[in-house]
Amino acid sequence: AQLDTLDIVVLVALLLGTVAYFTKGTYWAVQKDPYATSLANGHAKAGKSRNIIEKMDESGKNCVIFYGSQTGTAEDYASRLAKEGSSRFGLKTMTADLEEYDFENLDQFPDDKVAFFVLATYGEGEPTDNAVEFYEFISGDDVSFSEKGGAEDKALGSLQYVAFGLGNNTYEHYNSMVRNVSKSLDRLGAKRIGDAGEGDDGAGTMEEDFLSWKEPMWSALASSMNLEEREAVYEPVFEITEKPDMSAEEDTVYLGEPNKNHLEGQQKGPYNAHNPYIAPIAESKELFNDETRNCLHMEVDISGSNLSYTTGDHIAVWPTNAGKEVERFVNALGLREKRHMVIGVKGLDATAKVPFPSPTTYDAVVRYQLEICAPLSRQFVASLAQFAPNDSVKAEVTKAGNDKDYFQEHVASKNYNIAQFLEAMGGGAQWTNIPFSLFIESLHKLQPRYYSISSSSLVQKNKISITAVVESLETPNAPNVVKGVTTNYLLALKQKQHGDPHPDPHGLDYSITGPRNKYDGIHVPVHVRHSNFKLPSDPSRPVIMIGPGTGVAPFRGFVQERAQQAKDGENVGKTILFFGCRKPEDDFMYEDEWKQYGSDLGENFELVTAFSRSGASKVYVQHRLKERAVEVNKLLLEKAYFYVCGDAANMAREVNEVLATIISEQRGVPKQKAEEIVKSMRSSNQYQEDVW
Ligand code: FAD
């Protein structure tokens, strides 16, 4: 039969529609530059689907790995699971940022697919920023899905899922995200495969917890989905195209600029975790230094930037890797000659997100984009063996990757970063066979580091103070001293500002003027993160602050603020700060300032000091707190706010313990009851922590 005109119109329309449908998920997704407009506002951009089921269908996936990540670790574990699922079991995997999808249609998740949830717990048992909406939705009492209703209907009956949590046992709500989400999913009828894993950063066993959890999980998943394990083959996630015809000087090439606005030289707000502000450093100095330690005080100028902060917030500093380590990295890989070669980096699959903008150069990626100094995971080491320069190196690396104790003795205890490891194992040979994609997949994206702001926004709203000790880790077994990435960069900035002709501590040799000299004139990329660590809104309420070492940072801001309020004639309540350091003559931070604040606040201010290396016995803040039991208890009964800042592993835990003892003894209640009182102080925000 012949087609009439109407038929042809209909057919052409259908054909166009089909092409549009199939290209939407692949061609367009790969082409788009996520950094062009990614001044992320927390939601996927217009036109990008928030429907995960549709997205998986379009891109032929049967396994999605959602992550709730704050600092990138959970995201990294998600990527590793995705790679492993694909290389060992032939799963069609994708990772997904929880904030980029909606979950009302999870009731239609097909039963021949699987969803993973890799969830970090943040702060006091809270979801990470990108998991807030998902968490509120899934754990809500009135959760309801688009077709099957809610908990009563076991709406998620067709969903099989896998769960792993990242937590820290020094916090009370240990791994509460993965626990609560699993509970909610189970209540909704979903079927969990394997145990919900829990990694513990507090005990330092995150990596081993992850490794030992995932093997039984894969077996359970393999039997549930009828997967067959095959010999793992490395499949790159990214394609790296060298572009010898392009010059690194061309203005379309990213030399470390974080996004398109920065590349085009017109930085624009909002400034956030995706878009730093290149801020001038107004002032920098060292509060103390000795043979092994330097403590920095810096003032970052945010005027005219539209950035704002309130006392108690955090500032994030975006670091640059040390030139010395960049050098080591390109040498170990034999990339030295072509380090400034322009490269295009693109995901080989529509769902693979390149974590930085491209085109760029090897040098820029290594210097500005990847965490090249961090400790190595055993799994990453295992994946390097197949690319070893010769058989004996391969045997050694295979052993390090497979044998936990051997790895501990020959890799972990040496504090190697990736290039140091390759140097040490390679015995002089270069590792020219490792695909560059493997580093993009396996190393974290270089993370901004947070600092508790040490100034008051009431006193200096346009200048943010940072108080930081420069990280330097020396351990007996390790051939190198680990130099903290960000703090040594800040130290170099301080030295440059003071006209030091060699502003490079320990020969670290930073590119301190930034990509295309955009950070020249002493600038540093930053953004502000708002926190819940806040003074009471009523200044007459008493406050007790425990802040030894750099833990004093936010309390300098707090005391500065209350001193100002007192000067402004407000009624400011009792303000007690417990500060600790080694010796009064060595590392007593802000000693003169406290005197000034004391004279502004009068007898309502008290600084209680604890010196650990001055005198016969070691005295810590928790001892001083105990000595003041009567007064502390009295103030708490007057509704004093209680704050702790600094070391999470020991100090904060011990302070918590001491406080419970004080309450128990002073109020004559059993210890258990006192612990409950402390808990309820925490939940009502009368007890606040800012610890790391
Ligand atoms: P990194 O390079 O991140 O190294 C940190 C540590 O990791 C090293 O010391 C070492 O122990 C270990 N490490 C790194 N590489 C290796 C390796 N290859 N092998 C073995 N171990 C390794 N700090 C302050 O000084 N002041 C503050 O006010 C402050 N506030 C904070 C507030 C919050 C909310 C948080 C989360 C942290 C805060 N910190 C603060 C800590 C700060 O964010 C940084 O972690 C710290 O300054 C170290 O950063 P870095 O880049 O110099 O060191």
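Of the 25 residues around the ligand, which come nearest? They are Tyr450, Tyr451, Glu471, Thr486 and Thr487; a residue counts as near a molecule if one of its heavy atoms lies within 4 Å of it. Before we go on, note that this is a predicted model, in which local features need pLDDT of at least 70 and side-chain atom pairs count only at pLDDT 80 or more, while totals for chains, interfaces and linings use all residues. Residues are numbered from 1 along each chain as its sequence is written, and side-chain values use heavy atoms, with hydrogens and water left out.

A polar backbone atom of tyrosine 450 sits 2.6 Å from a ligand oxygen. For valine 485, a polar backbone atom is 2.9 Å from an oxygen atom of the ligand. On its own the ligand would expose 970 Å², of which the protein buries 80%; these accessible areas come from the Shrake-Rupley method with a 1.4 Å probe. Valine 469 also takes part, with a backbone N or O atom 3.2 Å from an oxygen atom of the ligand.

Where does the shell around the ligand come from? At least two residues each are supplied by strand 14 (449-452), strand 15 (463-469) and helix 16 (485-497). Here helices (H or I, at least four residues) and strands (E, at least two) are DSSP runs, numbered from the N terminus. Strand 14 gives the largest share, four residues. By kind, the shell holds 13 nonpolar, nine polar and three charged residues. In this grouping Ala, Val, Leu, Ile, Met, Phe, Trp, Tyr, Cys and Pro are nonpolar, Asp, Glu, Lys and Arg are charged, and the others, Gly among them, are polar.

Now follow the backbone elsewhere. Most residues other than glycine have a negative phi, and most peptide bonds are trans. Yet the bond from glycine 269 to proline 270 is cis, with omega near -5°, and proline 270 belongs to the loop between helix 8 (260-263) and strand 9 (277-289). Another cis bond runs from serine 358 to proline 359, with omega near 5°.

Isoleucine 522 has a positive phi, near 60°, and lies in the loop between helix 16 and strand 18 (523-529). This residue counts as buried (under 20% relative accessible area), because its relative accessibility is 12%. Asparagine 685 also has a positive phi, of about 70°. With a relative accessible area of 40%, asparagine 685 is partly exposed, the class between 20% and 50%.

Methods:
A polar contact is a pair of N or O atoms within 3.5 Å; within protein, one must be able to donate a hydrogen and the other to accept it, and residues adjacent in sequence count only if both atoms are side-chain atoms. Buried means under 20% relative accessible area, exposed over 50%, partly exposed in between (1.4 Å probe, protein chains only).
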